[in-house]
Amino acid sequence: MAGDGSGAGTYTTDEALSRLGFGRFQALLLGFLGTGWVAEAMEVMLLSFVGPSVKEEWGVSGGAEGLITSVAFAGMLLGACVGGLVSDRYGRRAGFLFTAIVSGVPGFLCAFSPNYATLLALRFVVGLGLGGSHVLPTWFLEFVPAENRGSWIAAFTCFWTLGTILEALLAWAIMPILGWRWLLAFSSMPCFILLFFSSVIPESPRYLCSRGKISEAMLVLERMARMNNSALPPGTITSGPKRIEDNYDSSVTTPLLMTEDNLGHDEDTSTKSSYKNAFRAFWSRDLIGSTLLLWLVHFASYFAYYGLVYLISELSSGRSQPNDSTVYINVLVTSFAEFPGLLLAALLIDRIGRRVTLGGMILLCCAFIAPLSIQLREGLSIILLFCARTCVMGDFAVLHVYSPEIYPTSCRNTGVGFANFIGRIGSIVAPLTITALLENHRQKEAVLVMDLALFLAGVACTLFPLETKGREIH
């Protein structure tokens with residue numbers, strides 16, 4: 001059995017990817033899956049622009065305006081779990097089709113909503129699809145060589161920022177002239193582009209190996225070799241590591257590999273048994289600590305990110321007229337702030353490690369937000385928001401690398417999906433909390449709540465037991 005792993009003529013997926021390098025295949029994959037990240041960012045960011053117009057047209061309250069965002073995040077909360085389970089059981093491609101179809105079609109239909117209740121229902125379904133989008137960076141990660149995996153996933157995260165910038169520009173061009181319905185329709189287009197080209201992207205070879213489909217994994221790697229003008233190592237790929245001690249502490253790795261074998265090489269295993277084994281993996285004694293810490297960091301990061309989005313939107317709206325361009329300019333400026341954070345994360349993550357980079361970004365964000373608890377001049381507020389947005393996006397870049405690296409292939413998307421589930425709770429709470437506090441002129445309390453969450457997450461980063469920099473994932 002190839003998974004027994006130490007015989008001559010076998011190599012691991014990481015060894016194959018290192019030999020093939022990062023080439024034309026990964027570049028095309030980056031563009032395709034990055035478009036999915038653009039689509040999610042556009043669907044999320046449009047709510048900052050649509051909410052005030054919906055409130056004005058249908059005469060709903062500020063709480064009802066915030067509920068439009070919260071129901072979308074409620075859908076994402078459920079979709080994060082469902083998408084993760086689908087991706088680990090039926091493949092990364094199935095998880096991708098789930099997120100593209102379930103978010104794209106109802107997203108377009110939102111433009112024709114006859115009333116507030118219909119819009120709420122459709123935004124919930126959109127959120128359900130968007131919740132499974134974590135399969136996109138995970139799918140990409142499983143094709144990238146270990147030595148520069150962190151930097152390339154940070155580069156992948158740039159597509160989120162590109163999506164926020166495109167949505168702000170689109171809203172600026174469309175909202176004053178055509179209104180919010182046209183913005184909803186145009187913002188759903190990237191999902192349909194993804195579906196059109198979906199047949200050209202292969203299944204993850206890591207996933208195929210974990211399911212015991214070695215010959216199919218070899219076909220994918222051979223296709224990569226042709227596109228990258230490279231050659232695979234001699235022999236056949238194996239589904240497991242050759243030497244446990246070269247990659248992880250045996251106390252951490254052994255239960256993961258046992259789970260991998262149980263899932264990957266028994267095609268008769270029932271879906272129920274597979275899900276049970278996936279849950280057992282990330283609730284095992286060796287992973288329970290990392291899982292709980294990861295949940296705390298995800299909650300704080302999502303809460304702070306969307307809290308900042310609404311803080312920017314509310315502060316801008318309070319200082320400008322309804323059709324003033326100030327809100328779009330401020331969103332654009334703070335969105336551009338994400339690029340330095342992504343660049344910084346890309347430079348540091350493969351040098352000083354995941355844990356130090358993650359904790360540093362979170363605590364710096366905490367420091368930049370704190371002065372906003374008092375009234376400041378608009379220019380100074382924008383600078384602080386710029387710096388905070390830089391750090392929180394660097395935080396997300398590291399999370400997109402570190403979260404899937406903690407788990408084995410057989411339960412990777414399930415583990416990341418449940419971490420995103422907890423993060424989406426923060427996404428739901430953020431607009432309700434921050435909007436309500438700002439509406440009641442309690443900016444100080446809004447800032448302090450975000451700072452408390454970030455501080456606890458920064459402390460949590462010092463407690464992670466495992467550093468995954470440069471190590472193989474299985």
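Buried means under 20% relative accessible area, exposed over 50%, and partly exposed in between (1.4 Å probe, protein chains only). The model is predicted: local features need pLDDT of at least 70, side-chain atom pairs count only at pLDDT 80 or more, and totals for chains, interfaces and linings use all residues. Residues are numbered from 1 along each chain as its sequence is written, and side-chain values use heavy atoms, leaving out hydrogens and water.

**Stop 1: helix H1.** Select residues 13–20, helix H1. Helices (H or I, at least four residues) and strands (E, at least two) are DSSP runs, numbered from the N terminus. Color Thr13, Asp14, Ala16, Leu17 and Leu20, which are buried. These residues lie on the same side of H1, because they cover an arc of only 160 degrees around the axis, taken from the directions from the helix axis to the C-beta atoms. Now show their cover, which includes strand E1 (10–11), helix H7 (149–174) and helix H11 (214–228). Contact here means heavy atoms within 4.5 Å. Step on to Gly21, which follows H1 with a positive phi near 75 degrees.

**Stop 2: helix H4.** Select 92–109, helix H4. H4 gives five residues, the largest share, to a nonpolar surface patch. Among the patch residues are Leu97, Phe108, Trp182 and Phe192. Phe108 sits in H4 and is partly exposed, at 30% relative accessible area.

**Stop 3: Ser373.** Look in the loop between helix H17 (354–369) and helix H18 (378–406). Ser373 touches Lys444 and Val447, not counting residues up to four places away in sequence. Finish at Asp451, 78 residues from Ser373 in sequence and 10.0 Å away, C-alpha to C-alpha.

Note on methods:
Patch = residues over 30% accessible without salt bridge, like charges linked within 9 Å, V, L, I, M, F, W, Y side chains within 5 Å. Areas by Shrake-Rupley, 256 points an atom, 1.4 Å probe, with all protein chains shown as cover. Salt bridge = Lys/Arg side-chain N within 4 Å of Asp/Glu carboxyl O.
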